[in-house]
Amino acid sequence: MKQAVYIYRSFERFWHWMQAILIFFLAMTGFEIHGSFSFFGYQNAVKYHNTAAYLFIVLIVFAIFWHFSTGEWKQYLPTLKNLRAQIDYYLLGIFKNAPHPTKKTVLSKLNPLQKLTYLGFKLLVIPVMVASGLLYMFYRYPQEGVIEGLNIKSIEAIALFHTAGAYILIAFIIAHLYLITTGETLTSNLKAMVTGYEELEKNEIKEGSTEGVENE
Ligand code: HEM
């Protein structure tokens, strides 16, 4: 028998989708600035990229507050337990209809591979994007070509980090879109991030997960 289990809370879903829209938009305007294609026009692309970047920073500040005030940051503590099983599942098991090696609940919503990847984004990729993006802004505009305090005389290093981060994010988005389809059913992961609920077999629900059902 199936039961709807609450996995993602409302702020979390809002944050996820806002982040998805902003990163998609930042990638689109960013690669226009980079010269990969022309859509908005260079000057508009720069303007839109800057505005989206500020919104992204505001969202990040709220998300950091949410992670610490709810204790949800603990979900991202990496673990080796089941990491191998999760990798084996994506490489082999998934093609043989093997069961998912880890079960989602509101108390443990991320599999070990997700914990590791998302932590890497939170601690490395996103900070590099924000820092290099802000350096880019302040390098370019007010001081006309240098950041005196940091002794940065060339924009090349900043551009390199920012563009490398952008490629990593694009690679992540591609993998993420595929992995979305690998839940219990083709759309169950997507549905969970829209409604907060996922239909799970009753015998698959871990102890404590019904807490999430009552929370809504
Ligand atoms: C808070 C975050 C961010 C800030 C402050 C920021 C800021 C900037 C700035 C100021 C520029 C240079 C614009 C110009 O040349 O006039 C730039 C370029 C660019 N941004 Fe961002 N950005 C951010 C996030 C992102 C994200 C998330 C992506 C991609 C997913 C991205 C992709 C790019 C790319 C590809 C370029 C062109 C780099 C080059 O060719 O040198 N940015 N960004």
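The legends below describe close-up views of a predicted model.

**Figure 1. Overall arrangement of the secondary structure elements in the predicted model.**
The protein contains 7 helices and 2 strands, and these elements follow one another from the N terminus in the order β-α-α-α-α-α-α-β-α. Among the 216 residues of the protein, 36% count as buried.

Val-5 belongs to strand β1, which spans residues 2-6. With a relative accessible area of 1%, Val-5 falls under the 20% limit and is therefore classed as buried. The C-alpha atom of Val-5 is separated by 7.8 Å from that of Val-106, although the two residues are 101 residues apart along the chain.

**Figure 2. Salt bridges that meet at Lys-109.**
Side chains of opposite charge can pair when their charged atoms come close, and the count for this model comes to 4 salt bridges. One of them joins the side chains of Glu-12 and Lys-109, with a distance of 2.2 Å from N to O. This pair links distant parts of the chain, since Glu-12 is in helix α1 whereas Lys-109 is in the loop between α3 and α4, 97 residues apart. Both Glu-12 and Lys-109 are buried.
A salt bridge also connects the side chains of Glu-72 and Lys-109, here with an N to O distance of 2.6 Å. Distant parts of the chain are again linked, with Glu-72 in the loop between α2 and α3 and Lys-109 in the loop between α3 and α4, 37 residues apart. The relative accessible area of Glu-72 is 6%, so this residue counts as buried, and the value for Lys-109 is 2%, which places Lys-109 in the buried class as well.

Arg-84 forms a salt bridge with Asp-88, in which the closest N and O atoms are 3.3 Å apart. Both residues lie in helix α3 with a spacing of 4 residues, about one turn of the helix. Arg-84 has a relative accessible area of 61% and is therefore exposed, whereas Asp-88, at 28%, is partly exposed. Salt bridges that share partners also join Arg-9, Glu-12, Glu-72 and Lys-109 into one network.

**Figure 3. Two asparagine residues with positive phi.**
Most residues other than glycine have a negative phi. In Asn-82, a residue other than glycine, phi is positive, with a value near 70 degrees. Asn-82 is placed in the loop between α2 and α3, the latter helix covering residues 83-91, and its relative accessible area of 32% makes this residue partly exposed. Asn-97, likewise not a glycine, has a positive phi of about 60 degrees. This second asparagine, Asn-97, is found in the loop between α3 and α4, where a relative accessible area of 75% puts Asn-97 in the exposed class.

**Figure 4. A nonpolar patch on the surface.**
The patch is formed by Ile-64, Phe-68, Trp-73 and Leu-77, which together have about 420 Å² of accessible area. Of these residues, Ile-64 is located in helix α2. The relative accessibility of Ile-64 is 47%, which lies between the limits of 20% and 50%, so Ile-64 counts as partly exposed.

**Figure 5. The second largest pocket and its lining.**
About 680 Å³ of space lies in the second largest pocket. Its lining comprises 30 residues, and those nearest the centre of the pocket are Gly-30, Ile-33, His-49, Tyr-136 and His-162. At least two lining residues come from each of the helices α1 (10-34), α2 (42-70), α4 (112-140) and α5 (156-180), with α4 giving the most, namely 8 residues. When the lining of this pocket is divided by class, 22 residues are nonpolar, 7 are polar and 1 is charged.

Definitions and conventions. Residues numbered from 1 in each chain as written. Predicted model: local features only at pLDDT ≥ 70, side-chain atom pairs only at ≥ 80, totals over all residues. Heavy atoms only, no water. 1 Å grid on protein atoms, 1.4 Å probe; cavity = no way out; pocket = protein on both sides within 12 Å on 5 of 7 lines; lining within 4 Å. Points joined across faces, edges and corners; volume = space filled by probe spheres on them. Nonpolar A, V, L, I, M, F, W, Y, C, P; charged D, E, K, R; others polar. Patch = residues over 30% accessible without salt bridge, like charges linked within 9 Å, V, L, I, M, F, W, Y side chains within 5 Å. Areas by Shrake-Rupley, 256 points an atom, 1.4 Å probe, with all protein chains shown as cover. Buried < 20%, exposed > 50% of the residue type's maximum accessible area, 1.4 Å probe, protein only.
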